[in-house]
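Here is a friendly walk through one protein model, meant to be read with the structure open beside you.

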Amino acid sequence: MRQLPLAKRGERLSVLCLGAHSDDIEIGAGGTMLRLISEGVLLDVHWCVLSAPGVRAREASDSALAFLDGAASHKIELAEFEDSYFPSQTREIKQWLTALRDRISPDVIFTHARDDAHQDHREVNRLTTNIFRNHLVLEYEIPKWDGDLSQHNTYVPLTTAIMDRKVELLLKHFGTQRSKDWFDELTFKGLARLRGMECRAEERFAEAFTSRKLALAIG
């Protein structure tokens, strides 16, 4: 499969990562961040978690710093919207994201999937695509009990070393989640192996995304 470069070594790429909860960005796009940095892309990252109360704020901050180690620049923002009730906070979240849009104009945005079974995730996607209308948006996936995994159309192959690093950081930084029976190495590697098979990744692993609109440059 022909691979279209998101950015080349030495090029700057500004990225906005949006996650409803503290571990969402890392699970959905953490490997992609690690690969971009390892490939020498000059990554300028704005990393936003919309619900990170209490100890989860520390987890979110420490994990983001670890995943973004080596990035050209980064800014981490943690909000305190109420977990599990994002649809009832639409107005406030939209105002927060609109203010963010007025400050930054990223090259690419990573956000939740439109058909995610979690109501907070769906609301973040709905507002992202409503507010950031002139941007490349890549929707990532989060495995969960609901069984909502679906077909995707965009892939980022990962090396075995990067996949191992992603899992290592997830298990290290999110102690509050380790009691959940799905939050383990088998889940993360199993999903990445499936996505790697779908795109025939050279080292077998990949992260998958959905792109609703994509403009191709010719010449």
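The sections below go through strands, helices, aromatic rings and a few individual residues.

## Before you start

Please keep in mind that this is a predicted model. The values that follow were computed from its atoms.

Let's begin with strand 2 (residues 42-51) and strand 3 (residues 73-78), which run parallel and are joined by six bridges. To find this pairing on screen, look for aspartate 44, whose bridge partner in strand 3 is serine 73.

Strand 4 (residues 108-112) has partners in two other strands. Strand 1 (residues 12-21) runs parallel to strand 4, with three bridges between them; here leucine 16 has isoleucine 109 of strand 4 as its bridge partner. Strand 5 (residues 136-140) is also parallel to strand 4, and five bridges join these two.

How many of the five residues of strand 4 are buried? Five of the five are, so strand 4 is largely enclosed by the rest of the structure.

Helix 1 (residues 24-38) has 15 residues, and its first and last C-alpha atoms are 21 Å apart, close to the 21 Å expected at 1.5 Å a residue. Where is the kink in helix 1 centred? Look at glycine 30: the helix has a kink of about 65 degrees there.

Helix 1 is also mostly covered, with 13 of its 15 residues buried. After the helix comes glycine 40, which has a positive phi, near 90 degrees.

## Helix 2: buried on one side

Helix 2 has 13 residues and reaches 18 Å from first C-alpha to last, close to the 18 Å expected at 1.5 Å a residue. Its buried residues are Arg56, Glu59, Ala60, Ser63, Ala64, Ala66 and Phe67. These residues cover an arc of only 160 degrees around the axis, which puts them on the same side of helix 2.

An α-helix has 3.6 residues a turn, so residues three or four places apart point the same way.

## Aromatic pairs

The structure holds seven aromatic pairs. One of them is formed by phenylalanine 81 and phenylalanine 86, with ring centres 6.4 Å apart and planes at 75 degrees; an angle over 60 degrees counts as edge-to-face, so this pair is edge-to-face. Phenylalanine 81 is buried, at 13% relative accessibility, and phenylalanine 86 is buried too, at 0%.

Another pair is made by phenylalanine 183 and phenylalanine 188, and this one is edge-to-face as well, at 5.2 Å from centre to centre and 90 degrees between the planes. Phenylalanine 183 is buried, with a relative accessible area of 2%, and phenylalanine 188 is buried, with 5%. If you widen the view, you will find Phe174, Trp182, Phe183 and Phe188 linked by ring pairs into a cluster.

## Residues with a positive phi

Most residues other than glycine have a negative phi. Which values of phi do serine 84 and arginine 200 have? Serine 84 is not a glycine, yet its phi is positive, about 80 degrees. You will find serine 84 in the loop between strand 3 and helix 3 (90-101), where it counts as partly exposed at 34% relative accessibility.

Arginine 200, also not a glycine, has a positive phi of about 55 degrees. Its place is the loop between helix 6 (185-198) and strand 7 (205-211). Is arginine 200 buried or exposed? Arginine 200 is exposed, with a relative accessible area of 77%.

## Toward the start of the chain

Finally, take a look at proline 5, in the segment before strand 1. Proline 5 is exposed, with a relative accessible area of 58%. Its C-alpha atom is separated by 27 Å from that of aspartate 116, a residue 111 places apart from it along the chain.

Technical notes:
Residues are numbered from 1 along each chain as its sequence is written. This is a predicted model: local features need pLDDT of at least 70, side-chain atom pairs count only at pLDDT 80 or more; totals for chains, interfaces and linings use all residues. Side-chain values use heavy atoms; hydrogens and water are left out. Rings of Phe, Tyr and Trp (its six-membered ring) pair if their centres lie within 6.5 Å; planes under 30 degrees apart count as stacked, over 60 as edge-to-face and the rest as tilted. Buried means under 20% relative accessible area, exposed over 50%, partly exposed in between (1.4 Å probe, protein chains only). Two strands pair if DSSP finds at least two bridges between them. Helices (H or I, at least four residues) and strands (E, at least two) are DSSP runs, numbered from the N terminus. The expected span of a helix is 1.5 Å times one less than its number of residues. The bend at a residue is the angle between axes fitted to the seven residues ending there and the seven starting there. The arc is that of the directions from the helix axis to the C-beta atoms.
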